[in-house]
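Open the model in your viewer and keep the selection panel at hand.

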Amino acid sequence: MMRRPARTTLLAAGLAAACVVPVAAQEAGGTWQPKLEIPWNRYYRHAELNAWMERMRDTWPGFVELREIGRSYEGRPMVLMALTNQATGAADDKVAMWVDGNVHGNEVQGGEAALYLAWWLLEHYETNERARKLLDERAFYILPSQNPDGRDHWFDAPNTASSSRSGKRPYDNDRDGLVDEDGYDDLDGDGEIGMMRKRVPLGEGTHYQDPDDPRILLPVRGTDKQGDWLLLGSEGIDNDGDGRINEDGPGGYDMNRNWPSDWQPPHIQYGAGDYPLCFPETRAIADFLLAHPNVAAAQSFHNSGGMILRGPGQESIGPYPAADVAAYDELGEEGELMLPFYRYMILWQDLYPVHGGFVNWVYEGLGVFSFSNELWASPQYFGGTRERTGENWYATNRRNQLDWNDSVMLGDVWIDWHEVEHPLYGTIEIGGFKRQHGRVAPSFMIEEMLHRNAMFCARHAEEMPRVEIVSATAEDLGGGLRRVVAVLENKAVLPSRSAWAARNHIGRPDLVVLEGDGVQVLAGGRLADRFRPQRFAMADSEPHRLLLEEGVPGRGRVRCQWIVRGGGTLRVRYQAEKADDRSAEVTAADQVGG
Amino acid sequence: MVSLHRLPAGILFAFCTFLPLPAQQKSTNTLPPGGYLSADDILAHCGELAGKDGVTVRELARSAEDRPLLLLGFGERGGVGRQAVLVVADPDGTRPVASQVAWGLAQELAAGSSPLLEAATVYLVPVANPDASAHLLADGFAWRGAPVDEDHDARSDEDPPDDLDGDGLVLKMRIPDPAGDWLADPNDDRAMRRADPAHGDRPTSRLLDEGLDEDGDRAFNEDGPGGVRLEANWPHRWREHEPAAGPYPLSEPLNRALADFVLERPNIAVVLVFGAEDGLARPAEGVAEPGPDSTEPPKEDADLIRLLAERLYPEAKDGEQGPPRTKPRSAPHGSGGFADWARFQAGRLVLESALWSPPAGEGDEPTEADLLAWNDAAYGGAGFVSWRPFDHPQLGPVEIGGWKPLVRDNPPVERIPALTETWAGFLASLADDFARLEWSGIEVHDLGEGVCEARATLVNTGLLPTVTEMGRRTGRLPRIRIELQLPEGGVLLGGRDRLFAERLAGLGGHQEFRWLYRLPLGSGPARIHAESLTAGSVDAALEVE
Ligand SMILES: [Zn+2]
């Protein structure tokens, strides 16, 4: 951290070596009374999210700073919360974690998860030592919605669980010279976009009704059944008369394919945008992150499927360096324990290949460890008691979900099939699940989803690099010469520089500087073999100012050694982009060998 | 030691006068950049064109040093599908000849007499990298945008090249070193060549740019002023993590403004780039399937570029004397350049020229010996500073000398008018080439009781395609819209009343359409309408034969 004077080691003690201040255990016995009661059983429009952040700022003075980092295409303010105890230092002077949600407008619950993280830490600052340390020693940059236009549109316009993924900049998806001219149409005026089906004479249909539940249509393909139903897609008409329905709706691109690392144009990667960061939302976020090298960890929230995803997004990138994979695995595997029904996965290998994804850029472009969680998994509906796969998975899954609707929700999330006149198809039926079913958690299960995911972030933040100078000693070599050895130790899982950052020269290497009046530094370098101190990697130039390209490894040590002439006092200073600055006076060695 | 860009002008002048006068004959050529207009002069002149009839002047963005990125428009007028040519000069800021020629073209186009303006709009960016161009003429090396830590030592711009001997130039240092890579040509001590063990060469020297090792890292001039190169900052084949490429593609406002301008105008059919690379002198063969990192256009587009290149460099016919014109030397294919973006992502027909090289001897490209001979003949040897001893504070005795900047890639100012005429002629020659839609092969059969079956073929009679093959592949350029317009009461029985054609190649590329419809009694014929943002529109009546 270049911009901040060195802090004492007291503040940044590791998890194990804590300086314990006893506090009242207010949460015990269920007597906890939140300072700010936020109903965590619903989802909020963008302005409501911002209003909650303002309430937090007012409830906890000195912890919450709100910054508008840009405006969405439709002009909504992108308000970022810089969260930290400002009394111990400004957010920008601390090692920080980035948390965002909702780059896909319909994947709303990431916004609440990001908000919940801030809220929980603030509520527990007084009572929970680890929450207090996170807010005293670390910072969070929290942007609940990367895509406020898509978010609000999902709430307020007729949509499905999967639509309004895009931002709202008009886009000509069908290349007819018109933009956004053929989206969904709410034909029955119920505010929902259902599926359309039409009964046809037996033998002319592609589907038949499930004998166990006539609400379900099953495909005849691959069976000996005769079909009497056609499935006609989502509710809509051919607005532009081109023979297709709903093929050019609002927006029509994917901001999670618009990031610079491994970006490819739209004919190679669907939705990529005309060039990297061409959208105001992605651009504002990228400019913020590029200006904040103190970000050492990142989390992005999506839905759904129950996944803890990391890059690479393409096999062609090659595997990430082994040291980084080890750190990723440790956090990801802990996440699987914290998040039942979630699996820790690699994007290209376990989900699908993408070019230009956000968490890919954060790691591959900025060298920062980053996860993307897919919140909510359908086995959670019945707590995993129903089969997730099976011989007739499609039918079983539909039946399970309708069971859920019928029993647990008393029919609240399903629109029964009902007749509507369609200008092209004639009499059809419209029905299906409402948008709040399938990809977002049901209201009564929201808080658990938010808590588990927020705590996954907190754990990640706890493991951001935590480097200390554990010793700095000088040994007299005679003839006016001394050998100085400084030992740096990182107690956290994450290295102060990812191996990827080191390999690609991203950002600034860590610096270890030896200072002293009247002292001539003859040589300096990393010491790999403490028993053969002559065999150290002498720097080619400027031996008093060592550049540690690899930083200090996670749960590891780095030894730096100098040969100096002259008797003045010496001081070792450590400076890193992603770890707190340290400084220590060099003391005489008790014993030879350092 | 003072670095060059801080050197007072007076010193610069004084040292120039002490140069030994060459023994060769007097010459009428002015050593470049003598007589060249500075970037600021050109921008000022262009600004003065504002308000002139048929000329528009746009400021697309401002540079880091607050120079405007100017874009001139000539013959801009409305109408769907009026096509356009975009000329972009010196995007790397290393070839001042490009902006000199571009300014010459601007004056011609402003006069309004070019036949090209009848057929198309011309957009011209006379100085695409104004800061770099300005510094090149003033300092002798192109300045490159925002400060960057090229050598990754947590300091930026701390080790620039330096004018050690105070002659106003940053040249080369020849350092005696038996472990070096170079030796002097035995026939001409000025010329250095790489030692080749296969020829029994014994290396004698190292060659470095003139300068000090300011930061003591044993590397010379490795972290000079600025760093982000506009010509490495475009999205196609952008090199992530290369400092000169910028933090992300189009991070530089000048580039992004130009990109947006092009993307908003699918009617820009041809992009002509005057820069360091030359795809016209030696056109690419083209490939069947250009991959995401291709440097070669699709075969169809390469064939077209070759046809156009022959206008500049006609093949020698049997028994005729070949053309005397030397083909310009091309810089190696770069990464993240404007031309590649315009070709592979914006999908336009891109023509690139390096404009000029000194005459070649044997081959079609000048060798080092050819260059020295040209220097002696054209400039009386003044373009090359002979090696002179210098006591380097870090390296000990060295020699300083070498080519003056600009001499090898930029002609004497006296040649600029002829060069400008060549390119004005080339641009004028495009006037008849643009894609043109025509309806042909219209057949309408009366099937009785008003029922008609009609066929019509839409043909592109121009040389250029409606969109390039690469443009078709990008899927981002508009298609040709075809409409059947039936008179009131008419009924479509077969076919579609609105449909699209992807691309019609030049020179007769075509697509046939067919309809079945019924006309009301006594009505006029049905009509067909084709319309393209890249090729204009055309109507026809479906008259029964
Ligand atoms: Zn998503």
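**Stop 1: a tyrosine pair**

Select Tyr171(A) and Tyr253(A): both are buried. This is a predicted model. The two rings form a tilted aromatic pair, 6.1 Å centre to centre with 55° between the planes. The pair links distant parts of the chain, its members being 82 residues apart. Tyr171(A) lies in the loop between helix H4 (148-156) and strand S5 (195-199) of chain A, while Tyr253(A) is in the loop between strand S8 (229-234) and helix H5 (280-290) of that chain. Over all chains, a search of the whole structure finds 42 aromatic pairs.

**Stop 2: a ring cluster and two arginines**

Next select Tyr320(A), Tyr328(A), Tyr344(A), Tyr363(A), Phe369(A), Phe371(A), Phe456(A) and Trp500(A), which ring pairs join into a cluster. Then go to chain B, where the charged end of Arg265(B) sits over the ring of Phe261(B), at 3.7 Å from its centre.

**Stop 3: where chains A and B meet**

Show both chains: 40 residues from chain A and 35 residues from chain B take part in the contact. Together the chains bury about 3000 Å², 49% of it on carbon and sulfur atoms. Colour Arg175(A), His267(A) and Tyr275(A), which supply 26% of the area that chain A buries against chain B, more than any other three residues.

Terms used
Residues numbered from 1 in each chain as written. Chains lettered and ligands numbered in written order. Predicted model: local features only at pLDDT ≥ 70, side-chain atom pairs only at ≥ 80, totals over all residues. Heavy atoms only, no water. Phe/Tyr/Trp six-rings, centres within 6.5 Å; stacked < 30°, edge-to-face > 60°. Helix = DSSP H or I, 4+ residues; strand = E, 2+ residues; numbered from the N terminus. Buried < 20%, exposed > 50% of the residue type's maximum accessible area, 1.4 Å probe, protein only. Lys NZ or Arg CZ within 6 Å of the ring centre and 35° of its normal. Contact = heavy atoms within 4.5 Å. Buried area = accessible area lost by both parts, 1.4 Å probe.
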